[in-house]
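Good morning, and thank you for making time for this item. I would like to take you through one model, from its overall make-up to a few particular sites.

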Amino acid sequence: MERFVLVDRDGVINRRIVGGYVTAWEDFQFLPGVLDGLALLAHHHIQTLVISNQACIGKGMLAPAALENITRLFVRQIEDYGGSIGGVYYCPHRPEDACECRKPKPGLILQAQREFGFSLTETYVVGDSLTDVAAAEAAGCPALLIAEDGAALRMAASPALAGVFPNLIEAARFIIARSPSSISDTASSPDPHG
Ligand SMILES: [Zn+2]
């Protein structure tokens, strides 16, 4: 079966805008280790799906077409670097819309699962907040957090939390080490990242 990882966008792939949103491509800054981490996952035949709340759409701060443009540009950069983005799922709603897709609800994860058919219990959700962990838990997925203060988050989080890492490349190595086909992959093609 093809394997996937579900990755939050702001705070995991790109730098979070504190108290705001990425509303222009100039504001989209890849975090350290992200392009390498996504390329490493693709090298191990793990496809990345992006799962992200973007209430800026529902609040009228960003047009859907402008969000699509930002998406097209960051996906192209990841793919130019050797990564593989199989799909990008956004919740465009505001918290008060009470939709089924805004994390911590599992709607986006379940939508991706219906489209790609992966095993929820074997698919990691990588986020930067307890909201991501709660969405993973509600969907039945294991969760990984990207965070500086790992110890504090580990205390606060749910049993779904399987690990806390300082950046995406460390999380990618963890996922690869726990993937069933990683042994045969390593035997057939040496990993250039060590
Ligand atoms: Zn929604």
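Let me begin with a term: a residue is called buried under 20% relative accessible area, exposed over 50%, and partly exposed in between, using a 1.4 Å probe and protein chains only. Under that rule A139 is buried, since its relative accessible area is 9%. Please note that this is a predicted model, in which local features need pLDDT of at least 70 and side-chain atom pairs count only at pLDDT 80 or more, while totals for chains, interfaces and linings use all residues. Residues are numbered from 1 along each chain as its sequence is written, and side-chain values use heavy atoms, with hydrogens and water left out.

A139 belongs to helix α5, residues 130-139; helices (H or I, at least four residues) and strands (E, at least two) are DSSP runs numbered from the N terminus. What is A139 in contact with, leaving aside its neighbours within four places in sequence? The partners are P106, I109, L110 and L120, where contact means heavy atoms within 4.5 Å. L120 is 19 residues from A139 in sequence, and their C-alpha atoms lie 7.0 Å apart.

Turning to the whole protein, there are eight helices and six strands, arranged along the sequence as β-α-β-α-α-β-α-β-α-β-α-β-α-α. Of the 194 residues, 51% are buried. The exposed surface comes to about 9200 Å², with 53% supplied by carbon and sulfur atoms; these areas come from the Shrake-Rupley method with a 1.4 Å probe, and for residues only the protein chains shown count as cover. Among contacts between residues at least 6 apart in sequence, 60% join residues at least 24 apart.

Next, the sheet. The six strands form an open, parallel sheet in the order β3-β2-β1-β4-β5-β6; two strands pair if DSSP finds at least two bridges between them. At the edges are β3 (85-91) and β6 (161-165), each pairing on one side only. On average, neighbouring strands are turned by 20° against each other, direction ignored. For the angles, axes are lines fitted to C-alpha atoms, for helices over the stretch in contact, and run from 0 to 180 degrees between N-to-C directions. Helix α4, residues 107-116, packs on the sheet by touching β1, β2, β3 and β4, and its direction makes about 145° with that of β3. Helix α7 lies across β1, β2, β4, β5 and β6, at about 155° to β5. Between β4 (125-127) and β5 (143-146) there are three bridges, and G127 stands opposite L145.

Why is helix α1 described as largely enclosed by the rest of the structure? Eight of its ten residues, 34-43, are buried, hence the description. Those buried residues pack against β1 (3-7), β2 (46-53), α3 (64-80) and α7 (168-177). Just after α1, H45 has a positive phi of about 60°.

Finally, the zinc ion. Its donors are C91 (SG), H93 (ND1), C99 (SG) and C101 (SG), at 2.0 to 2.3 Å; donors are N, O and S atoms within 2.8 Å of the metal (3.2 Å for Na, K and Ca), and as water is not among the atoms, sites may look incomplete. The donor atoms subtend angles of 98 to 118°, so the arrangement is tetrahedral, a label that requires four donors with all angles between 85 and 135 degrees. The donor residues follow the spacing C-x1-H-x5-C-x1-C. Among them, C99 is buried at 14% relative accessibility, whereas H93 is partly exposed at 28%.

Notes: Tetrahedral: all angles 85-135°; square planar, octahedral: opposite > 155°, others 65-115°.
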